[in-house]
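Hi,

Here is the structure I promised to pass on to you. Have a look at it first, and then read my notes below.

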Amino acid sequence: MPARDDGFPSGEFFDAISEVLHVSPEPGMYSAELFKSKKHETFLLSTSRPGEGHNAPLPGTFVVKVFDAGQDDAKARESATLASARARGILVPCVVATAGRFLIIEHLAGENASDVINGPATSDMKDDVATKLGTWLADFHHAFSDGQEWTIRGDSNLRNFIVEAGSGVVVGIDLEESGRGDPDGDVLELIDSILITNPGIYTTAVLETIRWKFSLCGSLLDAYFKQMRVHGHAIERDLDDFLDQLIATMHRLSFRRHAQDVFQEQERDLRDMLHHELRSCFIIF
Ligand SMILES: Nc1ncnc2c1ncn2[C@@H]1O[C@H](COP(=O)(O)OP(=O)(O)O)[C@@H](O)[C@H]1O
Ligand SMILES: [Mg+2]
């Protein structure tokens with residue numbers, strides 16, 4: 001691992017964890033790998049050799065998320081939401097410690113949901129992930145709801161969920177943007193994420209070739225509505241209103257990706273496909 005000039009994984013990080021965890025591990029005991037991440041540097045930190053006494057390493061493998069100076073609020077929000085979600089039985093990783101600019105989190109072995117849904121997994125496995133994503137969102141929304149206001153996870157995209165290796169359990173990560181909001185926002189953004197990740201609406205001119213993705217959106221939405229009903233929340237929704245909101249969300253997000261022209265070309269077909277694939281979610285038996 002080449003030396004880095006921002007102090008990771010050396011000086012600043014090891015000073016910070018020795019203070020918090022009362023161990024003084026030596027940098028040489030660790031190896032670090034960088035995850036693909038957008039907002040932060042996020043590392044997988046593993047003990048590479050054992051140590052003893054006050055030089056004992058933190059055992060095992062951890063995720064370390066590095067926040068810039070000035071992002072203390074985001075770090076505090078992420079660690080507080082992870083802890084309270086976990087206390088309410090929501091599937092999220094455990095916070096090991098916060099130390100200086102670093103948030104140290106339990107490492108979940110597995111793949112993020114984008115890699116599973118867009119990779120070689122079978123269609124049954126993908127459908128299972130989509131269903132679990134819908135259930136996770138409903139569980140999260142219910143867990144923090146007081147009947148009047150809602151807390152949403154924020155930054156609701158496929159890369160912010162891990163599918164655990166072996167069990168296939170879906171766990172939510174990256175809760176730094178959580179806060180008060182409209183729970184529909186989380187659902188709409190996650191549907192957008194399914195449809196725009198490759199292969200998706202920006203990589204094909206013929207939406208019919210990715211009909212399976214629209215069907216995954218149906219599984220997610222169906223699971224979300226069902227689980228919200230299980231939790232006692234009345235879901236009386238109108239398909240056309242929902243589609244208006246979804247198209248508006250996707251349109252808004254297309255600007256961020258500088259893809260608004262492509263989006264507008266696809267819009268009519270997109271709405272027809274969504275109408276067809278999502279309508280059964282709005283029929284209550
Ligand atoms: N607890 C974890 N277990 C396994 N992988 C993780 C964990 N936390 C983060 N990652 C990986 O690191 C990436 C970036 O982390 P994330 O919290 O989403 O930061 P960012 O705010 O930069 O998006 C994730 O997409 C995921 O691949
Ligand atoms: Mg993220």
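The shell around ligand 1 is made of 7 nonpolar, 6 polar and 6 charged residues (Ala, Val, Leu, Ile, Met, Phe, Trp, Tyr, Cys and Pro count as nonpolar, Asp, Glu, Lys and Arg as charged, and the others, Gly among them, as polar). In total 19 residues surround ligand 1, and Phe35, Ser37, Lys39, Leu108 and Asp174 are the closest; a residue counts if its C-beta atom, placed from the backbone, lies within 6 Å of the ligand.

A word on the source: this is a predicted model, where local features need pLDDT of at least 70 and side-chain atom pairs count only at pLDDT 80 or more, while totals for chains, interfaces and linings use all residues. Residues are numbered from 1 along each chain as its sequence is written, and chains are lettered from A and ligands numbered from 1 in the order in which they are written.

Domain 1 (11-106) and domain 2 (110-282) each give at least three residues to the shell around ligand 1; these bounds come from an automatic or database domain assignment. The domain centres, taken over C-alpha atoms, are 29 Å apart.

Now to helix 1 (residues 11-21), where Phe13, Phe14 and Ile17 are buried (20 or more other C-beta atoms within 10 Å of their own; exposed means 12 or fewer, and partly exposed is in between). Down the axis of helix 1, the buried residues fall within an arc of 90°, so they line one face; the arc is that of the directions from the axis to the C-beta atoms. Gly11 and Glu19 are exposed on the face turned away from the buried side. Helices (H or I, at least four residues) are DSSP runs, numbered from the N terminus.

Enjoy exploring!

Notes: Helix = DSSP H or I, 4+ residues; strand = E, 2+ residues; numbered from the N terminus.
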